[in-house]
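Me: I'm new to this structure and would like to learn how to read it. Could you walk me through a few features?

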Amino acid sequence: MRRILLPILLLAIVAACSKNKDPDRPAKLVAFPQTLKIQKVWTEKVGGTKVPLRLGLALDVEGDTVYAAGETGEIAAFDLRNGHLQWRTRTKLPLGGAVGFGDGKIVVGSTDGDVVALDARSGKRLWTTNVVAEIVAAPAVSPRMALVRGVDGKLHALSVPHRPHRRRR
């Protein structure tokens, strides 16, 4: 009995999904006047490929400097006003997270779990460590810690090495 009812039930379901139904037509686009004129000021490239990837490589702007990271491991600083390259560092890491800025440091995470910190003025590498989790979000950086979140859901608080301050006489 089931062998007879099952094919009949499937045939009834397929017949109910007929292609002859009249779908709703999309609404016509409304013309509107342009109110702002947008002008491209400058363009630069930071370590990308032609293959589109869904990475969280967001920028960070501090003062007149914009910091950017590319998936091929490049991290660069540009003058926000004219795009002039201030420095470029090639880390050779597969970067996947956004740039984090704080306390004069740039911190970025990789898809392999590496976290790298650079001096924001020079681009010199300060330290690198691994948290064994892919990093795709922007690190939060304070004078004492860099906080990164891995795709495993764990929040990693990394102590930030610092140089002792010299007293001025």
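Me: In what order do the elements of the chain run from the N terminus on?

Reply: Helices (H or I, at least four residues) and strands (E, at least two) are DSSP runs, numbered from the N terminus. Here the order is α-β-β-β-β-β-β-β-β-β-β-β, that is, one helix and eleven strands. Please keep in mind that this is a predicted model, where local features need pLDDT of at least 70, side-chain atom pairs count only at pLDDT 80 or more, and totals for chains, interfaces and linings use all residues. Residues are numbered from 1 along each chain as its sequence is written, and side-chain values use heavy atoms, with hydrogens and water left out.

Me: Which strands form the open sheet, and in what order?

Reply: Two strands pair if DSSP finds at least two bridges between them. In this sheet the order is β1-β2-β3-β4, with antiparallel pairing. At the edges are β1 (60-62) and β4 (85-90), each pairing on one side only. Three bridges link β1 with β2 (residues 65-69); Asp-60 has Tyr-67 in β2 as its bridge partner.

Me: Is Thr-91 buried or exposed?

Reply: Buried means under 20% relative accessible area, exposed over 50%, and partly exposed in between (1.4 Å probe, protein chains only). Thr-91 has 6%, so this residue is buried. You'll find Thr-91 in the loop between β4 and β5 (100-102).

Me: What is Thr-91 in contact with, leaving aside its neighbours within four places in sequence?

Reply: Contact means heavy atoms within 4.5 Å. For Thr-91, the partners are Gly-73, Ile-75, Val-116 and Arg-125. Its side chain also reaches the backbone oxygen of Gly-73 at 2.7 Å.

Key:
Polar contact = N/O pair within 3.5 Å; in protein donor to acceptor, adjacent residues only side chain to side chain.
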